[in-house]
Amino acid sequence: MKKLTNDNMNYIASGKYITKMQLLDGSCSLDNIAEDKEGNPLLHRDDTVRDKQMPVHMMYKYGAPLISKDGCRAYTFNIEYCTDAPSEGIYYGAFGVVLRGTIDEHKESFDREWAVIRPIAAQVLGNTFDNPYFNMLFRQTDNVNDNTYWPFWISLSEDEDIVEVAFRAVKIIRRIYETYFAGKIDWYNPIPRKKTVKKPYFPCTEKAFENIGENGKAENIKDEVLRFFNWCQTEHLLSRNYLYEMAWSINYPNPSIILKIQFFIL
């Protein structure tokens with residue numbers, strides 16, 4: 001029997017992420033270059049930081065680095081995966097590199113620029129991906145290795161398409177940073193919104209069943225629904241599915257079909 005180690009467990013766990021990252025190859029420039037003859041940014045594979053190879057990182061970058069106005073910092077717009085840390089998954093965002101000085105001198109500048117850009121990025125990305133809570137997805141880095149710094153990063157969810165979501169997002173993020181460095185970011189002030197807290201909704205729960213009829217259209221309708229379901233059970237049309245808090249399975253033609261108790265408060 002093969003002895004399990006952290007290395008081979010990482011290899012096993014990394015398989016699906018490596019395969020998902022490689023889907024970006026189809027969107028890369030043919031010669032794996034950062035920009036075309038007109039200077040338009042292109043997606044390319046580049047596993048380096050400061051021309052140093054990163055042996056455990058897969059890095060896809062969009063365009064050549066953007067340089068800050070003072071020439072001290074550069075931004076690349078990356079989609080990355082670390083094969084040594086499969087639990088982190090795939091992530092993307094703006095990656096900062098200090099060109100002159102140290103991160104101690106420039107961290108505040110990275111953060112100040114991101115503070116201006118963040119509300120606009122949240123609105124544009126939220127509208128693009130139909131997610132009014134996109135601002136909650138920005139994560140803060142926990143390291144400043146080799147004078148590099150992520151002002152923010154975003155995890156790619158397991159169910160999200162890497163090309164349709166991650167690649168599209170880094171293109172948008174780069175455009176926003178380009179607009180900032182061109183001094184035109186004030187033209188795109190986001191529409192102020194009240195702070196919103198995402199209210200979770202879970203079908204097939206006791207709470208969902210209790211709230212049936214709360215829109216005011218029919219009082220105590222949940223009692224009528226329960227009587228109807230009980231009758232369906234006596235007629236062997238439905239069976240209570242006890243794997244859920246509140247759900248019934250249709251007995252015919254396919255007992256695996258779940259009848260969900262869902263409602264929406266209008």
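How many salt bridges does the count come to? A salt bridge is defined here as a side-chain nitrogen of Lys or Arg within 4 Å of a carboxyl oxygen of Asp or Glu. By this rule, the count is 9 salt bridges. The model is predicted, so local features need pLDDT of at least 70 and side-chain atom pairs count only at pLDDT 80 or more, while totals for chains, interfaces and linings use all residues. Residues are numbered from 1 along each chain as its sequence is written, and side-chain values use heavy atoms, with hydrogens and water left out.

One of the salt bridges pairs Lys16 with Glu158, with the closest N and O atoms 3.3 Å apart. Lys16 lies in helix 1 (residues 6-22), and Glu158 in the loop between strand 8 (148-155) and helix 3 (162-181), so the pair ties together parts 142 residues apart in sequence. Helices (H or I, at least four residues) and strands (E, at least two) are DSSP runs, numbered from the N terminus.

Other pairs sit within a helix. Lys107 and Asp111 both belong to helix 2 (residues 103-128), 4 residues apart, about one turn of the helix. Their closest N and O atoms are 2.6 Å apart. Lys107 is partly exposed at 33% relative accessible area, and Asp111 is partly exposed at 26%. Partly exposed lies between buried (under 20% relative accessible area) and exposed (over 50%), with a 1.4 Å probe and protein chains only.

In helix 3, Arg168 and Glu164 are also 4 residues apart, about one turn. Their salt bridge has its closest N and O atoms 2.8 Å apart. Arg168 is partly exposed at 35% relative accessibility, and Glu164 is partly exposed at 42%. Elsewhere, salt bridges with shared partners join Asp70, Arg73 and Glu113 into one network.
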